[in-house]
Amino acid sequence: MIFKLAFRNMKKSMSDYAVYFVTLIIGISVFYVFNAISDQTVVTKIFTNDYDILNLMKSTLSVASVIVSVVLAFLIVYASSFLMKRRKKEFGIYMLLGMGKKKIAGVLMAETVIIGILSLLAGMGVGIILSQGMSLLVAKLFEADMSQFTFDVSAEAVGKTVIYFLIMYALVLLLDIFVVGKSRLINLLNAEKKTEKNIAKNPWICLVVFVAAAVVLGHAYWMVTANAEQLTEQSQILFQIIKGIIATFLIFWSLSGLLIFLSKIRKKSYLRGINTFTTKEISSRVNTNVFAGSIICLLLFITICIFSTSFSINKSMNDNLRTLVPVDVNLMYCYDQGLPFDSEKEFMAEKLQAEGVDIDLFKNSVEFTGYEYYNWDEKEEVNYSDSRNVFANTGKIIKLSDYNKVAEIYGLKKQTLAEDEYLVISNYDSTANSYNEHFLKKGHVIRLGGKEYHPRYKECQDGFLDMSSNPSEIGFTVMPDDIPADENLHPDRSYYIANYDTNKKSVEEMDRLLNNEKMIEKGIYSSTRTEIYQRSIGLTALIVFLGLYLGIIFVLASFALLSLKELSQAADSREKYRILRRIGVDERMIHRSLFRQNLIFFSTPLFLAVIHSIFGIQVCIYIMEVFGKTGLLFSIVATSVVLLAIYTIYFTVTYRCSRKIINE
């Protein structure tokens, strides 16, 4: 009897459950996909030799899953409260007909169990399919080998997903039973007559508040972009964030009165058809959801920045690895400090042979010495954070012929110099810009051995010496080969850059031969292509997966809240639509009005979030400078596609359900 009634109620209220089902299915599937990532064959192959990164990723995603479960639990409880509000009159009629609260609670329990089982099965099925698609995405993002792809189902992820969502369903069930148990018959029967208070605001006050909020927001935008260099302390950055949050809240607070004010300016349009009704309904929606609209806007803003940053970091990292890691190994030996300029130098090749490394195992090798110019007064306190001060008194120097050898093996542009010229090589924007502005454009003179050298170019030239997964070469100076001896110029380190001859030994064998404790004890440090790839891919994968995970959940939470708010508003406004029909308004006009209300209510937080993101992404660019910015356009396009897809799903479902509600 109870289950039969529960099935019939669900069938009758299927449109009410649509948003609930969509949210649960997407939430469960996303939860499974990201908890199953570390067990996917493609991912384990990528991190075959670096299980620390794999374990870090698993533990990080587990912590993120707790945050996600809290967000999803809030959504489920909110959606459940909406359904309870829609069905209070129904429960009141049951009580009026003699059904006890225990039986009503039994029906509610049966419905919750059925919904839970169906959504869990559907979500798990979708999640298992999507996880295979995630394997393909991982292979594409990190250029992995898909030849060993297998269809994987993670038992651990299945168990974790089931446990987490059973706990959520249990909480929802207890809350619903508590609400029914505490409800009185008169309140249940009159539940539909209770609506949210809509306090009208003075349009002129709203206009003043809106303008003030826009000014505060504009100033915050300016401070974090054009004036970002002046924000040197965390408290200053935090203050700008607080300004942005307060301004966002004030914009939503003033928007309801502002809409009425602007609409009345164009009286002909305002009085045409049922535009007056539409404008007041939109104003009412915004007015009663100021806090929710502000939170949703900020969540969408965070989501856009997270998505854009994640995709951009991945694209930049892949591009960087192809260009900044061009050879198999970069070996370095540091000399003792204070060696005279013309002292006998120990060469890397000799040291490698002394350690039993056959030089014939390498090909395309380059060996050279780097020098350091050091002109600090011993009593002077060195401020290494000031690039201008450092560059004027110390720096790495490479001879022109040696640099051109490096440029040839790295695939960089070779350089030429006159006998009294120098140039600076750098690919790190912050220091390069500082060198350009304060030294090269001003013709800074370097004096060595009584001879003066002038800059050949007014800007740093792109290039690097040490291999890295990101543009991190802060700068070194290239000078003519006949550098005169100087008391402040000393040999600094010896370099050996080469590729492996894989016909004699494999890459793995060569890496083990060069990268071990014995070599480090002898002062020989190696940077291998394999090590850089593994380290950078591990960090990138962690950032991308965490960004996608939290980003999808945040956007899901945002649109689900918008949808539930709109459905709740439609339920509260049914009587208004009945009155419109009684006075002769046709269905097309009513549906057009409802469509506009839904569209504006959905679009307003998203529109403001996009404006926030235009400036927020510029802040992210500063943060991402160490990774590079080559994938930013791609990431913005990808983010737009994902947001538009989820937006379309929720908007379509919400509009159709709202139409059904007002037609009841």
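This is a predicted model: local features need pLDDT of at least 70, side-chain atom pairs count only at pLDDT 80 or more; totals for chains, interfaces and linings use all residues.
Q: Why is the pair of F362 and Y496 called edge-to-face?
A: The structure holds 15 aromatic pairs, and in this one the ring centres of F362 and Y496 lie 5.5 Å apart with the planes at 70 degrees. Rings pair if their centres lie within 6.5 Å, and planes over 60 degrees apart count as edge-to-face, so the pair of F362 and Y496 is edge-to-face.

Q: What makes the pair of F362 and Y496 a tie between parts that are apart in sequence?
A: F362 belongs to strand 2 (residues 362–374), whereas Y496 belongs to strand 8 (residues 489–500), so the pair ties together parts that are 134 residues apart in sequence.

Q: How do you know whether F362 is buried or exposed, and what of Y496?
A: Buried means under 20% relative accessible area; F362 has 7% and is therefore buried, and Y496, at 3%, likewise counts as buried.

Q: Why is the pair of F595 and Y655 called edge-to-face, and which helices hold the two residues?
A: The ring centres of F595 and Y655 are 5.4 Å apart and the planes stand at 90 degrees, so this pair is edge-to-face. F595 lies in helix 21 (residues 587–623) and Y655 in helix 22 (residues 632–663), so the pair ties together parts that are 60 residues apart in sequence. Both residues also belong to one aromatic cluster, formed by F559, F595, F602, Y647, F651 and Y655.

Q: Which residues have the most contacts inside the largest nonpolar core?
A: In this core of 73 residues, those with the most contacts are F34, L72, F165, Y549, I553 and F559, and helix 19 (residues 529–572) gives the most to the core, with 17 residues. Not counting residues up to four places away in sequence, F34 touches L61, M134, F545, L548, Y549 and I552. A second, separate core has 27 residues, among them V325, V327, L423 and I497.

Definitions and conventions: Residues are numbered from 1 along each chain as its sequence is written. Side-chain values use heavy atoms; hydrogens and water are left out. Rings of Phe, Tyr and Trp (its six-membered ring) pair if their centres lie within 6.5 Å; planes under 30 degrees apart count as stacked, over 60 as edge-to-face and the rest as tilted. Helices (H or I, at least four residues) and strands (E, at least two) are DSSP runs, numbered from the N terminus. Buried means under 20% relative accessible area, exposed over 50%, partly exposed in between (1.4 Å probe, protein chains only). A nonpolar core is a set of buried Ala, Val, Leu, Ile, Met, Phe, Trp, Tyr and Cys residues joined through side-chain atoms within 4.5 Å. Contact means heavy atoms within 4.5 Å.
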